[in-house]
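Welcome! Please take a moment with the sequence and the model below, and then we can walk through a few of its parts together.

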Amino acid sequence: MAQDVVLDSCRPPEGVPEWLVRKHCAFPFAREGGVLRLAVAVPRVEVLDDFALATGCRVEAEVFAEEEIRQAIRRWYGTPEVERAVAAASSAEDEGEEEVTEPDAPVVRLVDGLISQAVSDGASDVHITPERDRTVVRFRIDGVLRDVAEIPRKVHQAVVTRVKVMAGLDIAERRLPQDGRIRLREPGRVDLRVSVLPTVRGEQVVMRVLDQARVVPDLETLGYGERELSLIRKAVAAPYGLVLLTGPTGSGKTTTLYAALKEVVSRERSVITVEDPPEYDMPGVSQVAVNPKAGLTFAAALRAILRQDPDVVMVGEIRDPETARIAVQAAMTGHLVLSTMHTNDAASAPVRLADMGVEPYLVASCLLCVAAQRLLRLVCPRCAEEYELPPDAPERVVLGLDSGPVAVRRGRGCPSCGRTGYRGRTAVAEVMFTDRGLRELIRRGAPAEALRDLAVSSGMVPLKQAALEKLLSGATTVQEVVRVVCSPLAE
């Protein structure tokens, strides 16, 4: 892989067809005499032949990261699907009311282009936010929002209306929040959860992107330590009981559950999930999507599932007392139940179940383990650099580090990572396995602090310590650990 060339600073030579660049996602970054130097992610003979035929040059391929190539293409050739659609939609708005149902209408192309770009960039959410004199489009990538486009303010309502039409919402209602879903088959199988919220500057739209083409990862690839991994595997190998994943929204809980579920799926076991909505398409699993408007809540779906003779049940989230009681009852009557909750740490989960009305002795009888998880952004491998953390750095106090020498890493920022210094994420977690001592404390209704102290004394690695290990290994940065893990609520 070429390391001495920054692609998006290299102006492409003239005479190279743009359509060919986009077709093969290959960026021509230099021409030296009769030789065209071409950046490609995977060198293929047909790609080199096409460029040689179009330019009359001998083509030399150099391997770069695909995202770096796409960044350079966007930098020098623009993003026609979005930029041209913005310009066309602006002109159409001047002429009158924009049609939002015609396939070739500029606003239709604009919204389609934004969704397509979000999927290709790996965004988890699309934010369309009205401001005083413009509308800003941002993508959440690796858990952080990035600006990707600006839309003229006068086009905002047409864009919102188009999204509402796609989601089957009431286009005349602008005073109340609305929620809907969009299912697409092009450019791939993608589901979008749409939320429209009226603000003082207009309606704000947020779309959660669920790419159905994603492959369920293996547990080993998530970033768990060996001890934590063995405890998770021990729990999901049990014939019955309750396994919980906790953490804030967007911390990868469902992905971890699916990775664990992947290890128990077989033709000999009936596996059923209930989610809002299903985030992965998994062979061998019966997946149910909740529909509160039709009366199909988590609790109603779970009651029906238990009449389907399941061996393993995955509940997307325990969010109400009824679902909690049914899940615990199922775990006690011969089913392996996997689910998520919103608590700050592992020790708070049993207490939260008790607060929902589940008797502590029932929780103690069925709870196998609780994993509290966060996602840390990884340092970009292409622009990573090592440095010494200054002795007087305020982060030392937050992280509990002494004034001794500490070598850490950070990313300078490059086209491969969108100038952020980060690329990809890894899970960091604390896993509390409920042994006999913990069961007794849970049965007595002990507070979360007592459960946590006993779990740590029994070998549990706290979330903060696990994140520090990632930091000292060079996987992530000081700022990322402080941002994600060092909240006072998580202490």
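## Helices beside a sheet

Helix H2 (residues 45-55) lies across S2 and S3, and its direction is about 145° to that of S2. Helix H3 (residues 66-77) lies across S1 and S2, running at about 75° to S1. Helices (H or I, at least four residues) and strands (E, at least two) are DSSP runs, numbered from the N terminus. For the angles, axes are lines fitted to C-alpha atoms, for helices over the stretch in contact (heavy atoms within 4.5 Å), and values run from 0 to 180 degrees between N-to-C directions.

This is a predicted model, where local features need pLDDT of at least 70, side-chain atom pairs count only at pLDDT 80 or more, and totals for chains, interfaces and linings use all residues. Residues are numbered from 1 along each chain as its sequence is written, and side-chain values use heavy atoms, with hydrogens and water left out.

## The sheet itself

What is the order of the strands in this open sheet? Three strands form it in the order S1-S2-S3, with mixed pairing. Strand S1 (27-32) and strand S3 (58-63) are the edge strands, each pairing on one side only. On average, neighbouring strands of this sheet are turned by 25° against each other, direction ignored.

Two strands pair if DSSP finds at least two bridges between them. S1 and strand S2 (residues 35-40) pair in the antiparallel sense over five bridges. Here you can find Pro28 standing opposite Leu38 in S2.

## An enclosed helix

Now for helix H9 (residues 298-305): six of its eight residues are buried, so the helix is largely enclosed by the rest of the structure. Buried means under 20% relative accessible area, exposed over 50%, and partly exposed in between (1.4 Å probe, protein chains only).

The buried residues of H9 are Phe298, Ala299, Ala300, Ala301, Leu302 and Ile305. They pack against strand S11 (271-275), strand S12 (286-289), strand S13 (312-315) and helix H10 (321-332).

## Details in the loops

A cis peptide bond joins Asp276 to Pro277, with omega at about -15°.

Cys25 sits in the loop between helix H1 (18-24) and S1. Its phi is near 50°, a positive value in a residue other than glycine. Is Cys25 buried or exposed? Cys25 counts as buried because its relative accessibility is 15%.

Asp142 lies in the loop between strand S5 (134-141) and strand S6 (144-152). Asp142 has a positive phi of about 55°, although it is not a glycine.
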